[in-house]
Amino acid sequence: MSPLLEVRDLRVHFDTEDGVVKAVDGVSFTLEKGKVLGIVGESGSGKSVTMLTVMGLSRASNARIGGEALFEGRNLLEASNEELRSVRGNDISMIFQDPLSSLHPFYKVGAQLVEAIQAHQNLSRAQARERAIEFLGLVGIPDPRARFDNYPHEFSGGMRQRAMIAMALVNEPQLLIADEPTTALDVTVQAQILELIGRLKDELGMAVIMITHDLGVVAEVTDDIAVMYAGRIVEEAATDELFHAPEHPYTWGLLQSIPRLDRPRDEPLVPIPGRPPSLINLPGGCSFHPRCPYVREAHRRIEPKLAPVPDSPKHRVACLLESETRKRLWQDLNAGKEPVEARADVMEGEEVT
Amino acid sequence: MTTYIIRRLLWVIVLLFFVSFITFMIFYLFPSADPAALRAGRQPNPELVEQIRHQLGLDKPWYVQYVDYMKGVFLHFDLGYSYQNNISVKTQIFQRLPATISLALGAAVVWLVIGIAVGTISAVRRRSLFDRVSMTGALVGISAPVYWLGLLALYLFANDIGRFKIFPGSGSYVPISQDPAKWFTSLIVPWFVLAAAFAAFYARLLRSNLIDVMSEDYIRTARAKGLSERRVVLRHGIRSAITPIVTAAGLDIGILLGGAILTESVFNIPGIGRLAFDSIQNSDLPMIQGTVLFGAFFIVMANLIVDILYAFIDPRVRY
């Protein structure tokens, strides 16, 4: 079976006055039908731009786009605007971070759903209206018939995101891209929205790409996770494996910076030191090296390739440390050691650079 | 909503009261000439001037004159009589109103059509040749004084003094009730001349608004829904970007209904603006008061209408 979406060596560079911003720099991944992929990374890691590019929404005059994005075998990067238009909202839908600013403030919620339906389906206004009401009900909006005529500002935050989800799903897409769908919501509502996306995925049999900076959000719902850093994927694995046997120092940092129920409660959270690099002047070698506690001199020159982990071919990582060293470092970290201690223990005798 | 409108209307009355008082005081504190002497004609004898002064009530203290005037306005909607020719101010203003309305509304149509079209295309094709040329043109349009533009237009196109005798010249205005076709042709040049600066301003306003709006999240949503770019711009972009245009248009039309003094003067159109201009030259207080009150009335009403319209344009606004 061919994958639903296959992205190959995607590059998105923006020419700006300050220089070329390499927002996405060689990203590849595949997504099978009905699966959920999480793309995790900090702000500016390129996770949103990657998906916006797949949808053709980053086509600006200063954008240079390379690579392939095969959706059901068709390269969306080469599709005409009209072809893309018929894919968007129909085969691939997208929901965004802030549902208030993502809904048009001057149109009724129902009317915005009807517009989405009529963009792709040949339905009368009355039929489209019925379908919109059906989907508003499906996403758990109480009394959808009355709510149809409300404006977005008359909805609560959670309701707005439900309405956005309903609007994204009215044409029963095969792929839903959720770009930080819970970031702007209360914690209790976050869980409801994630649960809703999980349920609808099963009911409608669609695949989901969940973009987030929060590993905690994707832990429950995803099948696979790709971790992005500075425009590249640095690690990808099945969700379970990523949480239990992470290979990349950046992933370790992410995992140690979120609270976990399966860890002792008094264990301190460890932030990742430093800041994400400038995408105009990427550090040479491994782009994570300025923030990596386990950096060696050579890592500043050699670029790591995304390669399979020895005993798990679907788990891939872009790190220059030897597999054995990485395993021991993670064991130490997992045992509660600080990164400095772990380094001293595992990489003993090596010069600290 | 109803209480809001009533409250606003009461404010309109208070405001007009202030406007009339200030106009009155300016006239008394800084008199341009003695109205009675002007009325008396050339080389008047003092007795005649005194007699006229008494007839017009100018010999009474200023506050008595003001109270008398306001009584007339409030109790009988009587705006008094011209010092100059005894014509009723009210009659005179209503006679002049159609010309001003023709000029203002026609110009508004011209500048809205041009401003919105140019602003939209410039915003969508930002940095294109069209954008650069039209925005430079807009800068010229905003900077050019309307009387200069009016004289230039007459010099070029008027059928009496023009280089290309295409349009009727100055003083060709005919009321629509007399001859609609001539009314229309006589107003074409004044409409465009008056509209030029407004069109330029509106094009720039809409352009910058639309550029801002097009980077909003809900525009991205509209594109993500698979709408055509045309629909994204027209239904989602302009719908939001147009709101400040509505405000500006309401206020500008309100101001112009009070008289477009310069344009009316250049093209010799007998409107409120000309009336105001002439009455100031003649120190004709009742006529000045009348035109000022009318102008103020249009402006405050335009404000009110714009605020009410806003509630319809933006569903988030409630009164």
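Two residues are taken to be in contact if their C-beta atoms, placed from the backbone, lie within 7 Å. By this criterion, contacts in chain B between residues at least 6 apart in sequence join residues at least 24 apart in 67% of cases. The structure described here is a predicted model.

The secondary structure of chain B consists of 14 helices and zero strands. Read from the N terminus, the order of elements is accordingly α-α-α-α-α-α-α-α-α-α-α-α-α-α. Along the principal axes, the C-alpha atoms of chain B fill a box of roughly 85 × 55 × 35 Å. Chain B comprises 319 residues, of which 39% count as buried.

The contact between the two chains draws 23 residues from chain A and 17 residues from chain B. On the side of chain B that touches chain A, helix H9 (217-224) and helix H10 (229-241) each supply at least two residues. H9(B) accounts for the largest share of this side, with six residues. Sorted by class, the side of chain B that touches chain A contains eight charged, five polar and four nonpolar residues.

Strand pairing was examined in chain A. Strands of a sheet pair through backbone hydrogen bonds, either parallel or antiparallel. In chain A, four strands form an open sheet in the order E2-E1-E4-E5, with antiparallel pairing. Strand E2 (19-31) and strand E5 (74-75) of chain A stand at the edges of this sheet; each has a single partner strand, so one side of each is left without a neighbour in the sheet. Within the sheet, strand E1 (residues 5-16) and strand E4 (residues 63-71) of chain A run antiparallel and are joined by eight bridges. A:Val12 stands opposite A:Ile65, a residue of E4(A).

A parallel pairing is also present in chain A: strand E7 (residues 175-179) runs parallel to E6(A), and four bridges join the two strands. In this pairing, A:Leu175 of E7(A) is the bridge partner of A:Ile92. Strand E6 (residues 92-95) of chain A is covered on both faces.

Key
Residues numbered from 1 in each chain as written. Chains lettered and ligands numbered in written order. Predicted model: local features only at pLDDT ≥ 70, side-chain atom pairs only at ≥ 80, totals over all residues. Nonpolar A, V, L, I, M, F, W, Y, C, P; charged D, E, K, R; others polar. Buried ≥ 20, exposed ≤ 12 C-beta atoms within 10 Å, placed from the backbone. Pairing = 2+ DSSP bridges.
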